[in-house]
Amino acid sequence: MNATMSLEKTKHYPVMLNQVLSIISPQHGGTFIDCTFGGGGYSEAILKFPQTQVTAIDRDKLVERFSKPLTKRFPKRFNFFQEKFSNIGKLDQNKLNARAIIFDLGLSSFQLSDDKRGFSFGSKNFLNMEMGINEYSTYEVINTLDKEYLAKIIKILGDEKDGKLIANKIDKYRKKKPIKSSEQLASIIKEAKKNYNRYKINPATKTFQAIRIFVNKELTELILGLIEATKLLSNGGVLAVVSFHSLEDKIVKNFFNLYSNLKTNPSRYLPERNEKSILFKNVSKKPIVPHQDEIIKNKRSRSAKLRYAIRNANSFFYPEDFKNKFIKYTELEGGKI
Ligand SMILES: C[S@@+](CC[C@H](N)C(=O)[O-])C[C@H]1O[C@@H](n2cnc3c(N)ncnc32)[C@H](O)[C@@H]1O
C-alpha cells in the first residue's frame with residue numbers, strides 16, 4: 001500500500017462537531033472562517049447549510065486534496081488557502097463580516113498516521129514533524145540546537161521535568177552521528193528516562209510534544225491567530241477554539257478572561273475597568289468537553305476542550321497585556337537555530 005492510499009483510508013472524526021455547530025449557528029447563514037481545515041469535517045458540516053460561505057485555511061499542503069471535493073461541490077461558497085492562521089488578516093476574502101472564526105488546534109489523524117511526517121514514536125522516516133510552512137525541521141533542531149536551549153524547550157513546552165537529562169543524552173548521541181528518525185529519538189529519550197516503566201504514557205510523549213510545538217511555533221501561532229481573529233470579527237461574531245493540551249487551553253482561557261467581563265477588579269480600591277478594554281460580551285466560563293460516547297468512538301477527543309467568546313461592538317485595540325503575559329513562550333519559540 002502506498003502512502004497516499006493509506007492516507008485516504010485514515011478517518012478523521014471532527015471533534016465536538018455538534019457542540020461547535022450549536023455555538024456558531026450556521027443555520028442562519030453567513031461567512032465562516034475555518035482556520036484549521038484538516039480533513040474538512042467542520043467546513044463540510046457548515047456548507048450543508050445553504051446560506052453559508054466558508055473560507056478554510058490550513059498550513060499543510062497535503063490537506064489541500066481534501067479541499068478539492070468541496071471546491072467542486074460548492075464553487076461559489078467555498079475557498080481554501082494554504083496559509084498559517086496567524087496570517088488570516090492578510091487574506092482579502094476574510095475581510096468580510098465573519099459570523100464565526102473557528103480553530104481546531106493540533107494535528108489531524110491524517111498527519112498523525114502518515115509515517116513520513118515523523119509525528120509518531122515508531123516512525124523510521126526522516127525526523128520531520130513539520131505541519132507545513134516551517135523555517136526548519138525537527139532534524140535540524142535535534143542535531144544542531146544548543147544543548148541548554150534544547151533542555152529549556154523540552155522542560156517548558158513539554159512540561160518535562162527531565163528536560164536536562166534528555167537533552168544531555170541527545171547531545172551524547174548526536175556527537176557520534178546525526179539522529180535521523182523519530183524512532184531513534186524516541187529510544188534515546190527512553191534511555192534517558194530510566195524509570196520510564198512507572199509511566200503510563202510513552203516516555204517520549206512530552207519531549208515529542210515540546211519539539212513539535214517548537215518546530216511549528218504553535219504557541220506563537222495561537223497567540224497571533226487569536227489576536228487576528230478578534231480584529232476581523234465584528235459585533236456578535238463568534239470565536240471558537242478547540243484545544244488539546246494545557247498550554248493551549250491556558251492561552252485561550254487567559255485571552256478570553258482578560259478581554260471580557262469575566263476579569264474582575266483585583267481590588268475594590270483600584271479604579272473600575274474601562275469599558276473600552278472589553279472585547280467580548282459572552283465568554284464560556286468553563287470549557288465544553290466531549291461526551292463519553294464521543295471519547296469511546298474517537299480516543300483522540302478525550303483531551304479536547306472547547307471555549308468560545310462573542311465579540312462586542314468595541315473597536316479593536318492591540319492586546320498588549322495578553323502578548324506580554326505569554327512572552328516567555330513566544331521568545332522561546334522565536335529562538336534561532
Ligand atoms: C485537528 S486538525 C483539524 C481537523 C478539522 N477540524 C476537521 O474537522 O477535519 C488541525 C489542522 O490544523 C492545521 N494547523 C495547525 N496549526 C495551524 C496553523 N498555525 N495555521 C494553519 N493551519 C494549522 C493542521 O495542519 C491540521 O490539518
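Where does Lys217 sit, and between which helices? Select Lys217 and you land in the loop between helix H10 (205–216) and helix H11 (218–232). Helices here are DSSP runs of H or I with at least four residues, strands are E runs of at least two, and both are numbered from the N terminus.

Before going on, some housekeeping. This is a predicted model, so local features need pLDDT of at least 70, side-chain atom pairs count only at pLDDT 80 or more, and totals for chains, interfaces and linings use all residues. Residues are numbered from 1 along each chain as its sequence is written.

Back to Lys217: check its backbone, and you'll find a positive phi of about 45 degrees although this residue is not a glycine. Lys217 is buried because 21 other C-beta atoms lie within 10 Å. (Buried takes 20 or more other C-beta atoms within 10 Å of the residue's own, exposed 12 or fewer, partly exposed in between, with C-beta atoms placed from the backbone.)

Next, jump to Met129, in the loop between helix H5 (109–113) and helix H6 (138–144). Met129 isn't a glycine either, yet has a positive phi of about 60 degrees. It has 26 C-beta neighbours inside 10 Å, so Met129 counts as buried.

Now colour by domain: domain 1 is 3–110 + 218–314 and domain 2 is 115–216, with bounds from an automatic or database domain assignment. Nine residues from domain 1 and eight residues from domain 2 make the contact, where contact means C-beta atoms, placed from the backbone, within 7 Å. On the domain 1 side that touches domain 2, pick out three nonpolar, one polar and five charged residues. Nonpolar covers Ala, Val, Leu, Ile, Met, Phe, Trp, Tyr, Cys and Pro; charged covers Asp, Glu, Lys and Arg; the others, Gly among them, are polar. The C-alpha centres of the two domains lie 29 Å apart.

Finally, zoom out: the protein chain has 15 helices and seven strands, and its C-alpha trace spans about 60 × 60 × 40 Å along the principal axes. Buried residues make up 42% of the 337 residues.

Notes. Contact = placed C-beta atoms within 7 Å.
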